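This report goes through selected local features and helix packing in the structure shown below.

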Amino acid sequence: MLSMQHISKVYRTELVETHALRDFSLEVNDGEFVAVTGPSGSGKTTFLNIAGLLESFTSGTYVLDGLDVSGLNDNERSRIRNQKIGFIFQSFNLIPDLDLFDNVDVPLRYRGLKAADRKERIHNALETVGLASRMKHLPAQLSGGQQQRVAIARALAGDPHFLLADEPTGNLDSLMARQVLDLLQEINEKGTTIIMVTHDAELARRAHRNVQVLDGQVTDLEAPDSHPLTVAVDNDAADNLSAGA
Amino acid sequence: MPIRPILSALLRNKTGAVLLVLQIAITMAVIVNAAFIVSQRLAKMNRDPGFDVPNMIAFQSWGFGADYNHEVAVKEDTDYLASLPGVLGVTTTASLPLSNSGSANTFAATGEEFDEAGADTPEIVANTYVMNEQVLDALGVELVAGRTFYPEEVSYRTPQHSSFAPSVIMTRDLAIETYGTEDALGKTLYDGLGNPAEVVGIIENMQGAWVDWDDLTHVLLMPGIAAGPFLRYIVRVEPGRRDEVMRVIEETLPARNSERMIRRIQPFTEIVARSYRRDHSMTILLIATVIMLVSITSLGIIGLASFAVRQRTKQIGTRRAIGATRRDILGYFMVENWLVTTGGVLLGALLTVAVNMWLVDAYSLEKLDWAYIPAGVLILWVLGQLAVLVPAIRASGIAPAIATRTV
């Protein structure tokens, strides 16, 4: 479970003080699929960075899986990111010089897992996203949608409790976006908690719950199950198009 | 730290790395060979001269007056110098050891062998000095057997002088070269005309005139006073009194005889330094070259690593986001540099050998001592790691939040 209470984040320079989050409170239960929406500059990404322990907050309380993270040092934050959180970025953030296998392997190596265990996890993760046959390809040899699926595989391979997605379909066309969302929903149905930041209301509608952020504050907090879980998608047609991309 | 993914990433993006590998290889070839040459030059300059260089003074006496009497002038000057406080010994000589100027002659252990000579008989070449009975004290050489010259053996030579000497003192190296394992003391040595002389003393060591000569320690001392009107003096003093005695000589000796001129009063250290000036200059030049190359290579490593950090800022942020610690990032760049440096030193080792073979062939330099190659590898590894440290630390400081920025 993720619990943020009265979180604020202030960026200070010599001349300016910017309040990116103000009195931000949010609870996400295990197994939820939450969409955080809002216009540009509303504080969505700052929320995601703090939720993913990518940056610290100025005040408030943040408890992740029962652990108050405010007192953690840099190494402990790295360890929790590595073990509990999977990230999906808008620009995929794959390492261009590494093939798919090695890309998915990166966080597993940081965890210090044995080679055989890593190999099995990488195969399973790439299998889940339908790219096991391309594990020796470089990211540049794949379409955008495929690259994002590799990023999802990289996030999944570590078996995270939370998957944090930052505009995961922002760089994809609508068909590939649907594929990626389908995949995220499948993952969520298997029990992984997903928090997705997006400015696209259409995509947000596929989550269990929408959280609207404006000027660094939660302005609209819907109750769980107020939205339908799925939208009908022709998966076969999507796969065919993706393979041809 | 995993090597394979770092290596495969390097191989996929290799232009900068290949250039750096070449730079490291060239640096290694130059610095290893330069270090070897420098060490040889230093060893050459630091050889034991066998005589007391720091406490010796040399000067020239040049009789020019119509009434100049060489024998009288030499005797008076020698006696006067020997009487000065702090002086341990005085000798005259036609040339100075370690001055790159002198004379050498051929000798043989047996007269018969030499008579039948021709080209087939082994001849010993030795650097010769004609000096007086104070020779051992004036040079500070160590007598290991026999005696110094008797005063009666010391004769005044003339420019036409052609006879050998009643007795000679030789260095141990020359004795071994001439007589092998036999005791040289009391043996007869023959000059180029077959004239005999008795070996009356063996000195442990003394370097001759030419610092580049292979037989530098083949030195033969003969009793006598070199022919005038020009000759040199060597004065040896007690430790710490050299400058004081030099001043006294400068102030008093010229006035004692107006028929001769005293010139170039100088400490012996200056004479030796002049003889090694070329070696000294070469050493400085090579050290400067090494420092310059090492600096350029270090800057190359820093430059490439800094470029890589700037180019991979988002990648580093992503690695941090998905679990890398600062230490992991630091280690990544250190290992990456180590791999590049290793490529450079492996190629550099081959290049070092090739350059040395060329130097041996073209300039008759000595073959490289192979221990210098692992030493060069070690130095360049350390240099590489030090050079990459600052960019690597900067990389490890990149915030994980960079990963979510759409740059």
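Just after helix 6 of chain B, Gly180(B) takes a positive phi of about 65°. The model is a predicted one, and all values here are computed from it.

Helix 6 of chain B spans residues 172-179, and its buried residues are Leu174(B), Ala175(B), Thr178(B) and Tyr179(B). These four lie on the same side of helix 6 of chain B, because they cover an arc of only 100° around the axis. The partners of this buried side are strands of chain B: strand 4 (124-131), strand 6 (167-171), strand 7 (188-190), strand 8 (196-203) and strand 9 (219-223).

Two packed helices are described by the angle between their axes and the distance between the axes.

| Helix pair | Angle between axes | Axis distance |
|---|---|---|
| helix 9 and helix 12 of chain B | roughly 25° | within 9 Å |
| helix 2 and helix 11 of chain B | about 45° | 7 Å |
| helix 2 and helix 9 of chain B | about 160° | 9 Å |

How do helix 9 (residues 277-311) and helix 12 (residues 372-396) of chain B cross, and at what angle? Their axes cross at roughly 25°. Angles under 35 degrees count as roughly parallel, so helix 9 of chain B is roughly parallel to helix 12 of chain B. The crossing of helix 9 of chain B with helix 12 of chain B is right-handed. On the side of helix 9 of chain B, the contact is made by Val294(B), Ser298(B), Ile301(B), Ile302(B), Ala305(B), Ser306(B) and Val309(B). Helix 12 of chain B contributes Leu383(B), Gly384(B), Ala387(B), Val388(B), Pro391(B), Arg394(B) and Ala395(B). By class, the residues of this contact between helix 9 and helix 12 of chain B are 10 nonpolar, three polar and one charged.

Helix 2 (residues 15-45) of chain B packs on helix 11 (residues 326-363) of chain B at about 45°, the axes being 7 Å apart. With that angle, helix 2 of chain B is oblique to helix 11 of chain B. Helix 2 of chain B passes helix 11 of chain B in a right-handed crossing. The contact of helix 2 with helix 11 of chain B holds 18 nonpolar and seven polar residues, and no charged ones.

Helix 2 of chain B also packs against helix 9 of chain B, at an angle of about 160° and with the axes 9 Å apart. Angles over 145 degrees count as roughly antiparallel, so helix 2 of chain B is roughly antiparallel to helix 9 of chain B. Here helix 2 of chain B passes helix 9 of chain B in a left-handed crossing. The residues of the contact of helix 2 with helix 9 of chain B comprise 19 nonpolar, eight polar and three charged.

## Chain A: overall figures

Chain A has eight helices and 10 strands. Of its 245 residues, 54% are buried. Among the contacts in chain A with a separation of 6 or more, 69% are between residues 24 or more positions apart.

## Chain A: individual residues

Is Thr193(A) buried or exposed? Thr193(A) counts as buried, because its relative accessibility is 1% and the limit for buried is under 20%. Thr193(A) belongs to strand 8 (residues 193-198) of chain A. Leaving aside neighbours within four places in sequence, Thr193(A) is in contact with Val28(A), Asn29(A), Asp30(A), Gly31(A), Glu32(A), His161(A), Phe162(A), Leu163(A) and Asn188(A).

Thr58(A) sits in the loop between helix 1 (44-51) and strand 4 (59-64) of chain A. At 40% relative accessibility, Thr58(A) is partly exposed. Not counting residues up to four places away in sequence, Thr58(A) touches Ser8(A), Lys9(A), Val10(A) and Arg12(A). Between Thr58(A) and Ala115(A) there are 40 Å in space, C-alpha to C-alpha, and they are 57 residues apart in sequence.

Which phi values do His6(A) and Asp159(A) take? His6(A) is not a glycine, yet has a positive phi of about 55°. His6(A) lies in strand 1 (residues 2-12) of chain A and is partly exposed, with a relative accessible area of 47%. Asp159(A), also a residue other than glycine, has a positive phi near 55°. Asp159(A) is in the loop between helix 5 (144-157) and strand 7 (162-166) of chain A. At 56% relative accessibility, Asp159(A) counts as exposed.

Conventions
Residues numbered from 1 in each chain as written. Chains lettered and ligands numbered in written order. Predicted model: local features only at pLDDT ≥ 70, side-chain atom pairs only at ≥ 80, totals over all residues. Heavy atoms only, no water. Buried < 20%, exposed > 50% of the residue type's maximum accessible area, 1.4 Å probe, protein only. Helix = DSSP H or I, 4+ residues; strand = E, 2+ residues; numbered from the N terminus. Arc of directions from axis to C-beta. Contact = heavy atoms within 4.5 Å. Axes fitted to C-alpha atoms, helices over the stretch in contact; angles between N-to-C directions. Parallel < 35°, antiparallel > 145°, perpendicular 65-115°, else oblique. Left-handed = near helix turned anticlockwise from the far one by under 90°. Nonpolar A, V, L, I, M, F, W, Y, C, P; charged D, E, K, R; others polar.
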